[in-house]
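Hi everyone, thanks for making the time. I'd like to walk you through one structure today, so please have a look at it with me.

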Amino acid sequence: MFDRKIFAARLRYLREQHGLSTQKLADALGLKSKGAVTQFEKAVISPSVDTLVALADFFDVSLDYLVGRSDDPRRH
């Protein structure tokens, strides 16, 4: 299990740093709606493992960083 609040904050931070709307991120990941991204960012729901991997790949960060297990965003 991971800390949804840390994940939510990091996802929003990364999305905003890349200048993406929730819709553009949802489209880039192949999600059905921007609502999923919004719910991730509000810590209402957790993404699937496949979506977590896609997010880490998209933002070029480690999974451990994304889910709050590390403060180092670099992929090793």
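Let's start with Phe58, which is partly exposed, with a relative accessible area of 35%. What about Phe59? This residue is buried, at a relative accessible area of 5%. Please keep in mind that we are looking at a predicted model.

Phe58 and Phe59 also form an aromatic pair. Their ring centres lie 5.0 Å apart, and with 90 degrees between the planes the pair is edge-to-face.

How many aromatic pairs does the structure hold? There are 2. Another pair is made by Phe7 and Phe40, also edge-to-face, with 6.3 Å from centre to centre and 65 degrees between the planes. This pair links distant parts of the chain: Phe7 sits in helix α1, residues 4–17, while Phe40 sits in helix α3, residues 34–41, and 33 residues separate them. Both Phe7 and Phe40 are buried.

Which residues does Thr51 touch, leaving aside its neighbours within four places in sequence? They are Leu31 and Phe40. Thr51 has a relative accessible area of 12%, so with the limit for buried at 20%, Thr51 counts as buried.

Now let's stay in helix α4 and look at Val49, which is found there too. Is Val49 buried or exposed? Its relative accessible area is 62%, so Val49 is exposed. Together with Val53 and Leu63, Val49 makes a nonpolar surface patch of about 240 Å².

Let's turn to the charged side chains. The structure holds 7 salt bridges, and I'll pick out a few. In one of them, Arg75 joins Asp57, with 2.9 Å between the closest N and O atoms. Arg75 lies in the segment after α5 (63–66) and Asp57 in helix α4, so this bridge ties together parts that are 18 residues apart in sequence. Arg75 is partly exposed at 42% relative accessibility, and Asp57 is partly exposed at 43%. Asp57 and Arg75 also belong to a network of salt bridges that includes Asp60.

Another salt bridge brings the side chains of Asp64 and Arg69 together, at 3.2 Å from N to O. Here Asp64 is partly exposed, at 36% relative accessibility, whereas Arg69 is exposed, at 65%. Arg74 and Asp72 meet in a salt bridge as well, at 2.8 Å from N to O. Arg74 counts as exposed at 55%, and Asp72 as partly exposed at 21%.

Finally, let's step back to the whole chain. It has 5 helices and 0 strands, running α-α-α-α-α from the N terminus on. Its radius of gyration is 11 Å, close to the 11 Å that the globule rule gives for 76 residues, so the chain is as compact as a globular protein of that length. Along its principal axes, the C-alpha trace spans about 30 × 20 × 20 Å.

How much of the chain is buried? Of the 76 residues, 36% count as buried. The chain exposes about 4800 Å², with carbon and sulfur atoms supplying 50% of that area. And among contacts with a separation of 6 or more, 54% are between residues 24 or more positions apart.

Methods: Residues are numbered from 1 along each chain as its sequence is written. This is a predicted model: local features need pLDDT of at least 70, side-chain atom pairs count only at pLDDT 80 or more; totals for chains, interfaces and linings use all residues. Side-chain values use heavy atoms; hydrogens and water are left out. Rings of Phe, Tyr and Trp (its six-membered ring) pair if their centres lie within 6.5 Å; planes under 30 degrees apart count as stacked, over 60 as edge-to-face and the rest as tilted. Helices (H or I, at least four residues) and strands (E, at least two) are DSSP runs, numbered from the N terminus. Buried means under 20% relative accessible area, exposed over 50%, partly exposed in between (1.4 Å probe, protein chains only). Contact means heavy atoms within 4.5 Å. Patches are made of residues with over 30% relative accessible area and no salt bridge: like charges are joined within 9 Å, nonpolar side chains (Val, Leu, Ile, Met, Phe, Trp, Tyr) within 5 Å. Accessible areas come from the Shrake-Rupley method with a 1.4 Å probe; for residues, only the protein chains shown count as cover. A salt bridge is a side-chain nitrogen of Lys or Arg within 4 Å of a carboxyl oxygen of Asp or Glu. The radius of gyration is taken over C-alpha atoms; the globule rule is 2.2 Å times the number of residues to the power 0.38.
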